[in-house]
Amino acid sequence: MKETQLSNQPLILTGLDIQPASSDHITGKFLAEVFSNMDKAYGEKIAALEQEMLYQYVNSRNRSISKKERKRKCKEWMALYQEFLLLLDKNRLALQDKFGKDAFLLVQRILQNRMSLMQMISSHFVKAIKIRNKAMADNILWLAQEMFPNEKIIVWAHNGHIMKQSRRFLGFPSTFSYLPPEIKEFSYTIGFFMYSGQAAENNRSVYEVRQPDQDSIEFRIKQAGHEIGFFDISRQRKVPQNRWLFKHTYTMHEGKQLNLIKPSACYDGLVVCAKTSPPKYINLN
């Protein structure tokens with residue numbers, strides 16, 4: 001990514017999830033900087049609001065806080081984020097002059113995402129997933145239409161988010177499901193699977209990947225003998241040798257538990273890594 005920054009086609013990394021990604025809270029610091037430019041008090045107020053939001057998100061499944069109280073709090077914070085949105089719009093020209101149009105649009109989007117996050121936090125589990133997937137799809141659409149209208153976009157996300165058809169397999173619509181036809185039409189969706197090795201949870205705890213059975217997606221592609229195997233499904237016609245692509249086939253969900261999916265209905269291509277290793281985390285300080 002660093003090497004491409006000097007080229008005519010730099011690779012730009014951005015986010016699409018509405019959930020906070022780091023306790024360092026880089027986004028909150030950026031918001032504080034922008035609003036402090038209007039008034040120091042505004043910067044302090046949104047910094048405090050962001051800390052409250054982060055605390056509420058981390059403890060969103062804490063049962064010691066009643067659902068009624070959490071809903072009340074989230075409604076209160078949504079109103080505050082709405083105030084900041086109005087304040088942002090009121091100072092549009094001055095902020096665009098100071099930080100640039102793209103930065104202004106980004107701040108506007110962050111505040112809108114915070115409101116979706118508040119809705120997610122105050123909802124039950126399945127509804128929260130639906131809110132999150134819909135919001136992420138809206139962010140993809142925004143990035144494609146507003147920020148990078150003439151660029152190719154790679155969406156790197158969990159298999160469950162990018163799956164073309166997920167309601168039947170997961171019980172709720174995927175992020176991809178919410179995208180409009182004009183984006184779906186030009187998308188190529190790749191499912192990523194692990195045969196062995198180690199992976200990590202969101203809290204960074206490492207676990208062993210369970211090796212799947214012979215009937216699985218992972219085992220079949222691993223038999224090709226490559227460390228990383230890629231299989232293009234999009235041009236496959238049904239023959240006896242590839243019937244498993246068109247029927248329910250086993251896969252090891254996140255390398256932990258058996259799951260049944262129909263590969264041809266969910267993805268355009270499959271990648272199987274023979275042996276994975278946990279991430280090496282970047283220290284941003």
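Residues are called buried under 20% relative accessible area, exposed over 50% and partly exposed in between (1.4 Å probe, protein chains only). The structure is a predicted model, in which local features need pLDDT of at least 70 and side-chain atom pairs count only at pLDDT 80 or more, while totals for chains, interfaces and linings use all residues. Residues are numbered from 1 along each chain as its sequence is written, and side-chain values use heavy atoms, with hydrogens and water left out.

The protein contains 11 helices and 7 strands. These elements are DSSP runs numbered from the N terminus (helices: H or I, at least four residues; strands: E, at least two). The C-alpha trace spans about 70 × 50 × 35 Å along its principal axes. Of the 285 residues, 40% are buried. Contact is defined as heavy atoms within 4.5 Å. Among contacts with a separation of 6 or more, 68% come from residues 24 or more positions apart. The accessible surface is about 18,100 Å², and carbon and sulfur atoms hold 51% of that area. Accessible areas follow the Shrake-Rupley method with a 1.4 Å probe; for residues, only the protein chains shown count as cover.

A nonpolar core is a set of buried Ala, Val, Leu, Ile, Met, Phe, Trp, Tyr and Cys residues joined through side-chain atoms within 4.5 Å. The largest one has 32 residues. Phe35, Ile46, Phe84, Leu88, Val107, Leu111 and Met118 have the most contacts inside this core. Helices H1, H2 (40-58), H3 (67-90), H5 (101-121) and H6 (125-147) each supply at least two of its residues. H5 gives the most, with 10 residues. Leu88 touches Phe35, Met38, Leu95, Phe104, Val107, Gln108 and Leu111, leaving aside neighbours within four places in sequence. A second, separate core has 15 residues, including Met163, Cys266, Tyr267 and Val272.

Rings of Phe, Tyr and Trp (its six-membered ring) pair if their centres lie within 6.5 Å; planes under 30 degrees apart count as stacked, over 60 as edge-to-face and the rest as tilted. The count comes to 3 pairs. Phe193 and Tyr267 are edge-to-face, at 6.0 Å centre to centre and 85° between the planes. Phe193 lies in strand E1 (residues 190-194), and Tyr267 lies in the loop between helix H11 (263-266) and strand E7 (269-273), 74 residues apart. Phe193 is buried at 5% relative accessibility, and Tyr267 is buried at 2%. Phe231 and Trp244 form a tilted pair, because their ring centres are 6.1 Å apart and their planes stand at 40°. Phe231 is partly exposed, at 23%, whereas Trp244 is buried, at 8%.

The search of the whole structure finds 11 salt bridges. A salt bridge is a side-chain nitrogen of Lys or Arg within 4 Å of a carboxyl oxygen of Asp or Glu. Arg72 and Glu76 form one at 3.4 Å, N to O. These two residues are 4 apart in helix H3, so about one helical turn separates them. Arg92 and Asp89 form another, at 2.6 Å. In the bridge between Lys256 and Glu254, the closest N and O atoms are 3.2 Å apart. Shared partners join Glu69, Arg72 and Glu76 into one network of salt bridges.

On the surface, Met1, Leu11 and Leu13 form a nonpolar patch with about 340 Å² of accessible area together. Leu11 lies in the segment before helix H1 (26-36). Leu11 is partly exposed, with a relative accessible area of 45%.

Terms used
Patches are made of residues with over 30% relative accessible area and no salt bridge: like charges are joined within 9 Å, nonpolar side chains (Val, Leu, Ile, Met, Phe, Trp, Tyr) within 5 Å.
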